[in-house]
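I opened a notebook for a structure that is new to me.

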Amino acid sequence: MVRGAADRLFLPAKGLLEEVGDMMILTGKTIVSALRPPYPYGGEFVQQFLFALRLCWFPLMVSTIAFGYAAPGLQASNFLTLFGANDRLGGFFVLASIREFAPFVTAIVLAGVAGTAITADLGARKIREELDALQVLGVDPVKNLVVPRFLALMIVTGMFDVFAVLFGIFGGLVANAVNHQPTGPFFANLLTNASIPDLWGSVLKCTMFGAIIAVVCCYKGMTASGGAAGVGRAVNQAVVISTLGVFAFNYVFTQTLLATNPEIINLK
């Protein structure tokens with residue numbers, strides 16, 4: 001009875017650790033397959049890149065402008081107005097938009113739009129036994145299906161981060177105008193506090209977010225089972241696991257960035 005209770009208690013943790021291990025193995029296989037010739041996935045890579053670009057640009061624009069306007073824009077502006085320091089709003093946007101909001105919103109949009117499409121596509125192929133048929137024909141599913149999606153999502157996520165930063169700052173400018181503040185102090189304080197580590201750290205972090213989302217979504221799609229309902233469960237699990245992985249990686253990356261660049265901790 002004790003062993004049965006222990007098994008029921010630790011079974012979810014055991015399953016989680018096994019899935020994480022399998023995802024790490026898939027990551028290693030994907031990187032090796034991407035670097036090792038031949039490279040037959042060029043057409044699929046372009047198709048997946050344009051697919052993610054076409055689906056995600058509008059939700060990303062709306063989300064980042066809304067986040068930039070509401071949370072760090074209006075809320076921070078109202079707080080700074082109490083102290084007569086509304087000219088410091090631009091420096092706050094270095095913390096809010098460049099370091100955190102832009103990468104996070106980009107990752108969430110990509111996971112919810114492109115990631116779910118990848119999981120559903122690969123899950124449907126798994127249910128129809130297309131992946132098994134490819135292996136029988138001697139075609140490597142990792143090189144031909146996972147690698148192009150992995151590279152496309154990494155590149156498009158890093159590229160979208162730049163646009164997310166710009167859209168977020170635009171939302172801050174709208175909030176600044178709503179509070180009847182001039183734009184000169186906003187940009188002066190923004191440029192004073194923005195640094196090269198902030199910019200490359202934001203892009204690099206968001207690119208790694210794309211890699212995490214791609215690996216998780218491809219893994220859940222390629223291991224889906226149970227028919228159409230199983231594909232739906234795989235899609236839901238992929239979004240949840242991707243979001244948790246993004247949060248965990250963000251914590252480690254941000255702490256490492258601040259520890260290696262202590263000059264960016266304090267606002268000027």
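**Entry 1: Salt bridges**

I began with E130, which is partly exposed at a relative accessible area of 31%. My scale calls a residue buried under 20% relative accessible area, exposed over 50% and partly exposed in between, using a 1.4 Å probe and protein chains only. Before going further, I note that this is a predicted model, in which local features need pLDDT of at least 70 and side-chain atom pairs count only at pLDDT 80 or more, while totals for chains, interfaces and linings use all residues. Residues are numbered from 1 along each chain as its sequence is written, and side-chain values use heavy atoms, with hydrogens and water left out.

The side chain of E130 meets that of R128 in a salt bridge, 2.8 Å from N to O. For this I need a side-chain nitrogen of Lys or Arg within 4 Å of a carboxyl oxygen of Asp or Glu. R128 is exposed, with 53% relative accessible area.

Next I looked for salt bridges that share partners, and they join E44, D121, R125 and R149 into one network. Helices here are DSSP runs of H or I with at least four residues, strands are runs of E with at least two, and both are numbered from the N terminus.

D121 also forms a salt bridge with R149, at 2.8 Å between the closest N and O atoms. D121 belongs to helix 3 (residues 89-127) and R149 to helix 5, so the pair ties together parts that are 28 residues apart in sequence. Is R149 buried or exposed? R149 is buried, at 1% relative accessible area, whereas D121 is partly exposed at 26%. Over the whole structure, my search found 8 salt bridges.

**Entry 2: The overall build**

I then stepped back to the whole protein. I found 8 helices and 0 strands, giving the pattern α-α-α-α-α-α-α-α along the sequence. The C-alpha trace spans about 70 × 55 × 35 Å along its principal axes. Of the 268 residues, 43% are buried.

**Entry 3: The largest pocket**

What is the volume of the largest pocket? I noted about 380 Å³. I sorted the lining into 14 nonpolar, 2 polar and 1 charged. In that sorting Ala, Val, Leu, Ile, Met, Phe, Trp, Tyr, Cys and Pro count as nonpolar, Asp, Glu, Lys and Arg as charged, and the others, Gly among them, as polar.

A note on method: on a 1 Å grid over the protein atoms alone, a pocket is an open set of points with protein on both sides within 12 Å along at least five of seven lines, a cavity is a set where a 1.4 Å probe fits but cannot get out, and lining residues have an atom within 4 Å of a point. Points are joined across faces, edges and corners, and a volume is the space filled by probe spheres set on them.

**Entry 4: Cavities**

I counted 4 cavities of 30 Å³ or more. The largest holds about 60 Å³ of space, and its lining is R99, E100, D198, G201, S202, K205, T254 and L257. Helix 7 supplies the largest share of that lining, 4 residues. The lining divides into 1 nonpolar, 3 polar and 4 charged residues.

**Entry 5: Helix 7 and the cysteines**

Helix 7 kept turning up, and I checked its burial: 20 of its 27 residues are buried, so helix 7 is largely enclosed by the rest of the structure.

How many disulfides are there? My search found 0, taking a disulfide as two cysteine sulfur atoms within 2.5 Å. The sulfur of C218 is 7.1 Å from the closest cysteine sulfur, in C217, which is too far for a bond. C217 is buried at 0% relative accessible area, and C218 is buried at 0% as well.
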